[in-house]
Amino acid sequence: MSSLIHRLVPTGALRNLAPKETPRVTNMELFFDLVYVFTIIQLSHYLLEHANWLGALEYLTLFAAVWWAWNYTAWAANWVNPDHPSGRGLMIVLMGCALLMAVAAPQAFSERAELFAIAYVSMALIRAGYMGFVFRGQVMGRNYFQLGAWSAISGAFWIIGAFVEPARLALWILAVLIDYAAPYLGFWLPGQGATPMSSWTLKGLHLFERNQLIFIIALGESILLLGGYLVGHEIHVDTGAAALIGFLLIVTLWWIYFVDLAEPGEHRFEHETDHTSLARAGLAYAHGVAVCGAIVTAVAIEMIVAHPHDAIHAETAIIAFAGPSLFLLGCTIFHRVTAERLRGLYLLAVAALAAWGWACVGLHLQGLWLGAGVLLIMVAMAALGHRKVA
């Protein structure tokens, strides 16, 4: 058994880096991310088809699982060399699990619940087990085995929920809470204690680049939805105007993230010694919120472009508010962590988005007006935020 483990999980699969060297993002990591192009499409369509409170809660639960699976894999690739044959094999296996999650996502709360849960739990346990063995004899090995134990605990709720339909959503929400709370509890176990953050020897700039790439993929979903709709429908003046608003909104999200936040974030990682604590709050959590917001924004653009002259319903207004607001809240958390100060401007924009959405519903305004107001608020954030940084 020891010989088999040494063959399948050799310690040589770990990246061999100098103390201050930053790992490069490999082609294998980019290949792995291709699955998430499909996954994000599946999630956005799920929200489009279930645009109600229950559907939104189900969407958030699915997104939380999908994001955490990607996040933990990105962290693992910080230490494991994806170009090593063993590391490449791990990434391919995890890629297959992620693909099964994406395939199951549209029916995750119905006939494909078992497939989604088993794929997610398998991905978590395989990744943690591999990392525990590849780090055998080191503190990081202990860390990953404790992480794996927490994944097994949450996994029990994922699996039970898959087979108990009446309690599925509640059990899966509980599983998500366990998964997301685990890092802040240091993966504490009885008799073992917690894993100190200082024992996770992370290279933050690599992980920051990985998060930037997945955010671009999330923005790409807006382009896909917008372009897909225009290809399949005649483009009239009102449709063209709504599409222009949607396109400019996508550009504005890109601008706020990469012009306003990316450079200060890179500067902080370059000069910070504790990359792990910084990455946990600023990347694992904050970027999850921002990416979720980008996907919801894509759904809002689709809804507005499809019905530019219709009086908007509450569901459309809420999604148009929620998408940019989640994005801005994620950016606020990231800025608070990296710049160590609160960006009150973004919170003001969230309040403005809420007020505009409420006004549009109350006044029975058309979708074009809703989109134009959201765009105006976001453009103001991009202009004022950039000026403040400059």
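Modeller: A salt bridge, a term needed below, is a side-chain nitrogen of Lys or Arg lying within 4 Å of a carboxyl oxygen of Asp or Glu. The structure is a predicted model, in which local features need pLDDT of at least 70 and side-chain atom pairs count only at pLDDT 80 or more, while totals for chains, interfaces and linings use all residues. Residues are numbered from 1 along each chain as its sequence is written, and side-chain values use heavy atoms, with hydrogens and water left out.

Biologist: Which residue forms a salt bridge with Glu 29?

Modeller: Side chains of opposite charge can pair when their charged atoms come close. For Glu 29, the closest N and O atoms of such a pair are 3.2 Å apart, and the partner is Arg 210. The two belong to distant parts of the chain, 181 residues apart, with Glu 29 in helix H2 and its partner in helix H8 (residues 204-232), where helices are DSSP runs of H or I with at least four residues, and strands runs of E with at least two, numbered from the N terminus. The residue asked for is therefore Arg 210.

Biologist: Is Glu 29 buried or exposed?

Modeller: Buried means under 20% relative accessible area and exposed over 50%, with partly exposed in between, using a 1.4 Å probe and protein chains only. Because its relative accessibility is 0%, Glu 29 counts as buried.

Biologist: How far apart are the closest N and O atoms of Arg 210 and Asp 33?

Modeller: Arg 210 also forms a salt bridge with Asp 33. This pair again links distant parts of the chain, 177 residues apart, with Arg 210 in helix H8 and Asp 33 in helix H2. Both Arg 210 and Asp 33 are buried, and the closest N and O atoms are apart by 2.6 Å.

Biologist: Which parts of the structure hold Arg 343 and Asp 260?

Modeller: The side chains of Arg 343 and Asp 260 meet in a salt bridge, at 3.0 Å from N to O. The pair ties together parts that are 83 residues apart in sequence, because Arg 343 lies in the loop between helix H11 (314-339) and helix H12 (344-362), and Asp 260 in helix H9 (residues 237-271).

Biologist: How are H2 and H4 placed relative to each other?

Modeller: Helix H2 (residues 27-49) and helix H4 (residues 85-104) pack at an angle of about 5°, with their axes 9 Å apart; axes are lines fitted to C-alpha atoms, for helices over the stretch in contact, and angles run from 0 to 180 degrees between N-to-C directions. Angles under 35 degrees count as roughly parallel, over 145 as roughly antiparallel, 65 to 115 as roughly perpendicular and the rest as oblique. H2 and H4 are therefore roughly parallel.

Biologist: How many disulfides does a search of the whole structure find?

Modeller: A disulfide is counted when a pair of cysteine sulfur atoms lies within 2.5 Å. The sulfur of Cys 292 has its closest cysteine sulfur in Cys 331, and because the distance is 13 Å, the two are too far apart for a bond. Across the whole structure, the number of disulfides found is 0.
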